[in-house]
Amino acid sequence: PIAQPSTSEDFIAAARRAAQQTYDNEPDEGEVKISGTKSFLGKLKNISQRVKNKANKKSENLVPQSDAMVETSEMLDALPNLDGENFNVETMDVSADLGEFQRTPVLVVCAGVKAILDIPKTLEKLETLGIPVVAYNQDTFPAFWSSDSGLKAPLRMNTPQAIARLVQTRKTLGQNEGVIVANPVAPEDEILKQEMEPVIAQALSEAKQKSITGKAITPFLLQRIFELTNGKSLATNIALVESNARLASKIAVQLAKRS
C-alpha cells in the first residue's frame, strides 16, 4: 500500500514538478514562455502556500479542491477533479464551484468529476449554466480515477492550441463563464470503471450505515476508497494531478502567445 500524504500540499508539489518539467521542455520563445508556463508555476506556488496554511483540516488531506481557485481576472488552474452533485440529488447538495464557473472566467483543467458524485446531473447542470465542458483527446467524459465514465463529452478538442482558441474566442465575444477541460487519466494509471463501481458502492453503503452526510461524506468516501483499493486510488490521484499540470502548462503557453 502507498503511504497516504500528510497534507494536500503533496498533490500541489506533484503538480508543480509536472508543470516545471513542461516549462523546462518548452522551446524558448522569450516572454511567451515566461508569461505562460512560468506564470502558471507561480500560481501553483501561491496555491501551495494556501493549502499548507490549512493543512490541519482533515478534509484537505486527500484532494485540494476549491482553494485552487486563484483570484485574478483571467485564470488557468489544474485541479484533480471537478466537484458536482452528490448521488442523493433530492437534498440539492450541489457544490458552489458550479455557480462560480458561471461568474468567473477561469479555465480549469481537471480529470472530470469524482466518480462518487452524480456525473450525468453535474454535466446537465453545467450545460444549464452555459459552461463549456471539453474532453481532451477523447469523445467520452472522464470520471477521475477512470478515463471513461461511459458518458459522451459535450465537446472534444485534441490540442492545447485548440483550447486556447476557444478561450480567446469566448473572451472576444464577451462570454465570461468559465471553461472546463476534462483531461482523462493515462491508461497505465487509471482504475477501470468496472473496478471502481463496486468499491464506490461499498463505501457509499458504509457511509449510509454510519449516517455520514453533508461535508463529512466526501472525506469519508475518499478515505474508504483509499483503503479498499490498497492505496491505488491515491497513486492514480497523484498521476492525474501531474497530468493536469502538464496540460494546463501547455495551454498557458498557447494563451500567452495569443495575449
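## Overall picture

How many helices and strands are there in the protein? There are eight helices and nine strands, where helices (H or I, at least four residues) and strands (E, at least two) are DSSP runs numbered from the N terminus. This is a predicted model, so to speak of local features pLDDT must be at least 70, and side-chain atom pairs count only at pLDDT 80 or more, while totals for chains, interfaces and linings use all residues. Residues are numbered from 1 along each chain as its sequence is written, and side-chain values use heavy atoms, with hydrogens and water left out.

Of the 259 residues, 53% count as buried (buried is under 20% relative accessible area, exposed over 50%, partly exposed in between, with a 1.4 Å probe and protein chains only). The protein exposes about 12200 Å², with carbon and sulfur atoms supplying 49% of it; areas come from the Shrake-Rupley method with a 1.4 Å probe, and for residues only the protein chains shown count as cover. Take contacts (heavy atoms within 4.5 Å) between residues at least 6 apart in sequence: 74% of them join residues at least 24 apart.

## How confident is the model?

The mean pLDDT (the predictor's confidence in each residue, from 0 to 100) is 74, and 64% of the residues reach 70 or more. Over residues 84-92 the pLDDT is below 50, and that stretch has 24 contacts in the model beyond near neighbours in sequence.

Strands pair here if DSSP finds at least two bridges between them. E9 runs parallel to E3 (residues 106-110), joined by four bridges, and parallel to E5 (residues 133-136), joined by three. Cys 110 stands opposite Ala 182, while Val 134 has Val 181 as its bridge partner.

Ala 182 counts as buried because its relative accessibility is 0%. Leaving out residues up to four places away in sequence, Ala 182 touches Cys 110, Gly 112, Val 134, Ala 135, Tyr 136, Phe 141 and Pro 142.

## Helix H3

Which residues of helix H3 (residues 96-103) are buried? They are Asp 97, Leu 98 and Phe 101. Seen down the axis of H3, these buried residues fall within an arc of 105 degrees, so they line one face of the helix; the arc is that of the directions from the helix axis to the C-beta atoms. Ala 96 and Arg 103 are exposed on the face turned away from the buried side. The cover over the buried residues of H3 includes E3, helix H4 (119-128) and E9.

## Nonpolar cores

A nonpolar core is a set of buried Ala, Val, Leu, Ile, Met, Phe, Trp, Tyr and Cys residues joined through side-chain atoms within 4.5 Å. The largest has 39 residues, and among the members touching the most others are Ile 116, Trp 145 and Leu 221. Apart from it lies another core of 13 residues, including Leu 107 and Leu 247.

## Two positive phi angles

Phe 144, not a glycine, has a positive phi of about 65 degrees. Phe 144 lies in the loop between strand E6 (140-143) and strand E7 (146-152), and is buried at a relative accessible area of 0%.

Ser 211 also has a positive phi, near 60 degrees, and sits in the loop between helix H6 (193-209) and helix H7 (217-228). Ser 211 counts as exposed, at 59% relative accessibility.
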